[in-house]
Every structure is written in C-alpha cells, then in structure tokens.
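Have a look at the picture first, then read on.

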Amino acid sequence: MSHSELAVETLAVREGIHRTPFGEHSEPLFLTSSFVFDSAAQAAARFAGEDDGFVYSRYTNPTVRAFEERLAAMEGAECCVATASGMAAILGCVMGLMRAGEHIVSSRSLFGATSQLFNNFLAKFGVTTTYVPLADPEAWEAAIRPETRLLFLETPSNPMMELADIPAIAEIAHRRGVLLVVDNCFCSPALQQPIALGADIVIHSATKYLDGQGRVLGGAVLGRRSVVLDPLTAFLRNAGATLSPFNAWVVLKGLETLKIRMDAQSASAAALADWLEAHPGVKRVHYPGLASHPQHALASRQQKSGGAIVSFEVDGGRERAWKVVDSTRLLSITANLGDTKTTITHPASTTHGRLTAEARASAGVTEGLLRISVGLEGLEDLKADLDRGLSAAR
Ligand SMILES: Cc1ncc(COP(=O)(O)O)c(C=O)c1O
C-alpha cells in the first residue's frame, strides 16, 4: 500500500518503524553520539558517502531518521530534514538554499524571531527581505524581483488568524520561478498539508503541536528531495543545529496522537470561539472556523478545521485585557502554544511588545487583544475560567 493511500493518523503510528533484532514494539531510542564500524574500510566508505550507514549523530541518527520518515509521510513530502528547533529549520532553509545578494518576499505578519532573523542577521550577509500583506496575492507578485529566491509565509498568522491562499501564492511562485515556503506550525499536517496545496517547502516548529505536550524543542524542513535534502543536510552536518535523538524520540511519539489532539483541541476552540463571540465582554473574535471570519470560505477549502488558536478583543484596552488574564485560575499565562494545557497571552505586551506602536497597529495587535491556545481541558471549565475574567473586566 502506498503512503498516499493511508490516512494521516495511520502514518502517525505506523511509519518510520525499523525494528532491531530484539523485536521491540515501541520505537527504540538510540542515545549514542557516534556509531562503530566493522573495519577501517567500512569507516572510509561511510565517510566517503559510499556506504549509507550511520556515522555520527550530528549527521543523523536512527531515531532522528524515524521521526523524519514519519513526518514526511504525514506531510506528503518526499523528504524531511529534522532540526534542533523551529528557528533552526528556518535558518537551515535560508542557509542551505540562498546566497548573498538574493531576496526573500515574506508575509508581514510573522513570528517575531523569524523577522528578527531576517532583518538583523540575514541582512548582515546580503540577503534582503521585502514584507507584504499575507492575504494579498497581487502584493506578493509585485514584490518579486529577479534575485528573489523564496516566498515565505505562515498561515494562519499569529495572533490575528489571517490566512494566505496557498494555491494562489504557489501559482505565482511557480510562474515566477521561485520557491514557496510555508511555516505550518499553527495547523500541523493533521489540519493542513501545504505541499498538496502547491507549496515547495514546509517548515515546522516541532516544539508546538507535533510534540503537543510542551516538553522539547525541535523543528523540520520538508519538501522535494532535489530541493531540500542535500543543501539542508550539508548545512546541518557542518553547522550543528541537529535534532537530538532524545527530542526526536519524544516528538516521534507525540506524532502518534497528533490527529486526535488536533481534532479535540480544534473542536473545543470552535465551541469557545462561538461562546466568546456571543459574550457581552468581547468586542471581536478572530477565528477562521467562524462564519464571521472574512476568509472563512478559504479556511474551509484549505484547512480541515479552524485550528486550536483563538484570538479575541475586549473593550477597554490593556487594563481590561490584563484583568482577564489575571482573573484566570486554570489557563497558563505563557506565550507558548500547541500544548495540551490551554495558554493565554496578551500579545501587545509580550510576543509583539518589541514592535513599534505603529508596527503593532498595522499588524492589528491592539491593546485589548488576547490569544488563547486551546488545550484538552473540559470546555465548560475553560468557559468558566474565561467568564470569571471577562465578568471581572466588565
Ligand atoms: C509560527 C512559528 N514558527 C517558528 C517558531 C519557532 O520555533 P522554535 O521555538 O521551535 O524555535 C515559532 C515559535 O513559537 C512559531 O510560532
């Protein structure tokens, strides 16, 4: 049976299994920094790349490879290269594929560290970036120059839950001879498969939903073998931003429950978004699963559900928003997302606090905005926790 015939939840538990002679049922964890050769000749052949056995865990490791195979199958990608974190995946993608003088077109709404990487570090080495509105394909096309190499986007965006039309932007990328890179952190392959929608490369912060339980850092770059494998492997091998075998094992096992977690967390998020929209203390809810979301039709085509992140605005700016946060007893006040524990964040004073007021305003991040990453707690418990906050705010 080929991979494309199997459901993502089947691949999540059955792909990437290479049993040792011990016949273990659960995936083994190879905690070893190097591998032993039978002879000097075998060592030489491995180093020369003539024998594809393992050499050293900075290059790769059987547990890391098992994670790569499983995630590649789930994303419908030819290959996956695992990295130490989501940021290492983005850095590896740029370092492996670009050279000085080339150019990126990126969505303006972008994870903070990604824009810092583009603006403060890549720029030092002659790679420049032009930012465009995520949802405006014409602006993407207009920003492409002869030296453009990558179009880079996150969809849905953080924290406004705005969407990019992946097939429309992929069509522009391919017509203009550039690669489309999609950071699929918010949806994961359980809800959105960018490669099937036309993207060339998918980036993951495995730290988020792939682990799903807030335990380890990890990342991945996925795509066609001819585009991704050699440049990324060569970069990581020499730069060292490799995924550790232990973290690979944790995320490999995390993938097994990805689909059921995403389904349950998305269902709770959808119910919470409905409830928030009807709440008198809430001014506006940003959630692609709501009929009131301006891109609801696109979300229904492109994603299997609205996802597990909901943002909403309260009246009364920062003071009221902070009161909502401080009145919760159950939700965790932390900027992380994708955990089984529900988290609440005030973006204007945390994740987006370093932006200028103008940049925040143009990103739509108001002082009254709150972002929730919905976990696996009972829905009524979450509502009660937020209701206390929202009532206190009023
Ligand atoms: C959309 C997105 N991309 C990339 C990253 C970076 O991932 P990591 O923290 O694993 O480096 C994050 C982290 O929050 C993120 O939200």
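Predicted model: local features only at pLDDT ≥ 70, side-chain atom pairs only at ≥ 80, totals over all residues.

Residues are numbered from 1 along each chain as its sequence is written, and side-chain values use heavy atoms, with hydrogens and water left out.

Start with the ligand. Among the residues around the ligand are Ser 85, Met 87, Phe 111, Glu 154 and Cys 185; to be near, a residue needs a heavy atom within 4 Å of the molecule.

| Residue atom | Ligand atom | Distance |
|---|---|---|
| Gly 86, backbone N or O | oxygen | 2.8 Å |
| Asp 183, side-chain N or O | nitrogen | 2.6 Å |
| Lys 208, polar side-chain atom | oxygen | 2.8 Å |

On its own the ligand exposes 390 Å², and the protein buries 89% of that (Shrake-Rupley method, 1.4 Å probe).

Now for helix H2, residues 40–48 (a helix is a DSSP run of H or I, at least four residues, numbered from the N terminus). Which residues of H2 are buried? They are Gln 42, Ala 43, Ala 45 and Arg 46, where buried means under 20% relative accessible area and exposed over 50% (1.4 Å probe, protein chains only). These residues cover an arc of only 165 degrees around the axis, so they lie on the same side of H2; the arc is taken from the directions from the helix axis to the C-beta atoms. On the other side, Ala 40, Ala 41, Phe 47 and Ala 48 are exposed.

Technical notes: Polar contact = N/O pair within 3.5 Å; in protein donor to acceptor, adjacent residues only side chain to side chain. Helix = DSSP H or I, 4+ residues; strand = E, 2+ residues; numbered from the N terminus.
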